[in-house]
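The sequence and structure follow.

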Amino acid sequence: MTDGPSPPVAAVVPHTVTHHGVALTDDYHWLKDPGYPDVEDPQILDYLQRENVYFDAIMAPSQPLIDTLFDEIKARQQPDEAAVPWRDGDWEYQWAYAVDAQYRVWSRWPVGHPDSCRIIIDEPSLAAGHDYFSLGDIDISPDGRLVAYSVNNDGSERYRIFIKDLTTDDVTDTGLDNTSGGTVWANDNVTLFYVELSRNWRPYRVMTHRANRPADQDALVYEEASGAFFVGIGKTLSDAYVLITASDHVTSETHVIPAAAPQTPPQLIAARRTNHEYDVDHHGEHFYIRTNDAHKNFRLVRAPVQSPDRSSWETFIEGSDTIYTTGADCFADFMVIEQRINGLDQILIRDYAGAAQHYIAFPESAYDAGLGTNAQYQTDVLRLGYQSMVTPQTVFDYDVTGRTLTTRKVRSIPS
């Protein structure tokens, strides 16, 4: 029996630092390039290369099995997978893979006119010439004219933001390359919210960028001082408010900004308290808030938009020992409340007066179900995702008035 290749051994170079009177020694401090995330130190690069050579040598005997498993998994994927089109405003959108493509093509057309389909984001073209490609986010301006999208080409998860004019196909490189990738348009169709990353990759502050203006004119909106909290952005389904969230694993906090007045200072919903989690949506004169302040399984409250602090919270749905509320979304004429009862997903439809409510009836006794892509605030049809141990991933449209499910797609599994 012959010995296999020997792993490389990193040199031991003691390095001592003192913090709070305690001396700490790190024998491998030299492996951290001071220019990180850019690694240019020849010694570090040489060691990493030797690690890669060793890995390739060790894994070489397993390569036939790796190839077999890969081919088997790939054979069970639909080669030209495509989304069910969804509506957002005056347009219908869809993503699709070409056969053997690794990335998606995003398209849209005027509602009811698929013959006028045109590509808005071509991932294969964006990925061409790069060893790595990741599309972070796609966000269409409210008037449908501009699309902001973010791209990462080096695996660092620092995304660069671009803005494309869908009337001319002109693309503007904003120069913003230190972002989390998420973007949100204000209702003026010009102001774009985004999140900057700290040196340690923590999403920590929210900025606004004005389309067609230099990045050095961007304005700070919110900065998170705590090193334990991560910042995110979103928008209510009503399109009335931009949401700024700050959270760790057990505590959260939300600020809101009117989307029609993006220069307005952020308004705090409820100050953070350890182990208090909440999230926010909007309808009419109220914010609707899912909160675990009074029950570990969450209750649903509402508060006036003019005074959303906790002193104004009014219970909309009580917390329950047997029902776990996992989400709540506000549509124009009803709320959709996602729950888990006896371990099973349930979707409750309820009007804002509390006078009428019903659960969606699914065809099997055990399943996994939840909301799909629902971009329309004013709608009477919900897009749902569904699957079970015997039913592949299925897309349903649910008629809220008629209480009927229409199958839009069942995932094909070639065998």
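Over the ring of which residue does the charged end of R290 sit?

## Charges over rings

The ring is that of F298, and the charged end of R290 sits 4.0 Å from its centre. The model is a predicted one. A further contact of this kind involves R272, which lies over the face of F229 at 4.2 Å from the ring centre.

## Aromatic pairs

There are 16 aromatic pairs in the structure. In one of them, W86 and W106, the ring centres are 6.5 Å apart and the planes stand at 85 degrees; the pair is therefore edge-to-face, as an angle over 60 degrees requires. W86 belongs to strand β3 (residues 86-88) and W106 to strand β5 (residues 105-110), so this pair ties together parts that are 20 residues apart in sequence.

W86 has a relative accessible area of 15% and is buried. W106 also counts as buried, at 15% relative accessibility. The cut-off for buried is under 20%.

W95 and Y97 form another edge-to-face pair, because their planes meet at 80 degrees, with ring centres 5.8 Å apart. W95 is buried, with a relative accessible area of 18%, whereas Y97 counts as partly exposed at 27% relative accessibility.

## A ring cluster

Ring pairs also join residues into a group: F362, Y367, Y386 and F396 are linked into a cluster in this way.

Technical notes
Residues are numbered from 1 along each chain as its sequence is written. This is a predicted model: local features need pLDDT of at least 70, side-chain atom pairs count only at pLDDT 80 or more; totals for chains, interfaces and linings use all residues. Side-chain values use heavy atoms; hydrogens and water are left out. Rings of Phe, Tyr and Trp (its six-membered ring) pair if their centres lie within 6.5 Å; planes under 30 degrees apart count as stacked, over 60 as edge-to-face and the rest as tilted. Helices (H or I, at least four residues) and strands (E, at least two) are DSSP runs, numbered from the N terminus. Buried means under 20% relative accessible area, exposed over 50%, partly exposed in between (1.4 Å probe, protein chains only). A charge sits over a ring if NZ of Lys or CZ of Arg is within 6 Å of the ring centre and within 35 degrees of the ring normal.
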